[in-house]
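Please examine the sequence and the structure before working through each solution.

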Amino acid sequence: MLLFNWLCIVITGLAMNMQLLMIPLIMSVLYVWAQLNRDMIVSFWFGTRFKACYLPWVILGFNYIIGGSIINELIGNLVGHLYFFLMFKYPMDLGGRNFLSTPQILYHWLPNRRGGVSGFGVPPASMRRPADNRQGDGRHNWGQGFRLGDQ
């Protein structure tokens, strides 16, 4: 996803003579996340709550209201929509072929492993806590303590 979005944004940036491409890349990733989590409720400024599918457009509108250029956000949303359409909508919902897939070289460089964390070993015996000799009453013996103000 990141490679496809980056390539599309670089081509658009060269065509439009854009200097900074980070905001469109962030917005494209946000757009894809928002589409995959359409029904999740998200919060924006001052506790405004709405569905996640509207978040990229709310950010675009907010940036327009505060006087910023909306070109970066718009390009990011369009590139994100292109990725979402080619990866999910067209193959799954419309029955078309899958145009996008992860290149095998990336699987070679970054293996697709799943599972827990490993390789840390067992802590040394000096770091382990001694076993509790109580009969499992679930309480800790904190001691009697001192009242405030007593000397």
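**Exercise 1.** At what angle do helix α1 and helix α2 pack, and how far apart are their axes?

*Solution.* The model is a predicted one. Step 1: locate helix α1 at residues 2–16 and helix α2 at residues 22–36. Step 2: the two helices pack at an angle of about 135°, and their axes are 10 Å apart. Step 3: because of this angle, α1 is oblique to α2. Step 4: the crossing of α1 and α2 is right-handed.

**Exercise 2.** Determine which residues of α1 and α2 meet, and classify them.

*Solution.* Step 1: on the side of α1, the residues are Leu2, Asn5, Trp6 and Ile9. Step 2: these meet Pro24, Leu25, Ser28 and Val29 in α2. Step 3: the residues of this contact comprise six nonpolar, two polar and no charged.

**Exercise 3.** Identify the residues of the largest nonpolar core and the elements that contribute to this core.

*Solution.* Step 1: the core has ten residues in all, namely Phe4, Cys8, Ile9, Met18, Val32, Ile75, Val79, Tyr83, Leu86 and Leu100. Step 2: two or more residues each are given by α1 and by α4 (71–93). Step 3: α4 supplies the largest share, four residues. Step 4: apart from this core lies another, of six residues, including Met27, Val42, Phe50 and Ala52.

**Exercise 4.** With which residues is Leu86 in contact, leaving aside its neighbours within four places in sequence?

*Solution.* Step 1: set aside the neighbours of Leu86 within four places in sequence. Step 2: the contacts of Leu86 are then Phe4, Pro91, Asn98, Phe99 and Leu100. Step 3: Phe4 and Leu100 also belong, with Leu86, to the largest nonpolar core.

Note on methods: Residues are numbered from 1 along each chain as its sequence is written. This is a predicted model: local features need pLDDT of at least 70, side-chain atom pairs count only at pLDDT 80 or more; totals for chains, interfaces and linings use all residues. Side-chain values use heavy atoms; hydrogens and water are left out. Axes are lines fitted to C-alpha atoms, for helices over the stretch in contact, and angles run from 0 to 180 degrees between N-to-C directions. Angles under 35 degrees count as roughly parallel, over 145 as roughly antiparallel, 65 to 115 as roughly perpendicular and the rest as oblique. A crossing is left-handed if the near helix is turned anticlockwise from the far one by less than a right angle, and right-handed if clockwise. Contact means heavy atoms within 4.5 Å. Ala, Val, Leu, Ile, Met, Phe, Trp, Tyr, Cys and Pro count as nonpolar, Asp, Glu, Lys and Arg as charged, and the others, Gly among them, as polar. A nonpolar core is a set of buried Ala, Val, Leu, Ile, Met, Phe, Trp, Tyr and Cys residues joined through side-chain atoms within 4.5 Å. Buried means under 20% relative accessible area, exposed over 50%, partly exposed in between (1.4 Å probe, protein chains only).
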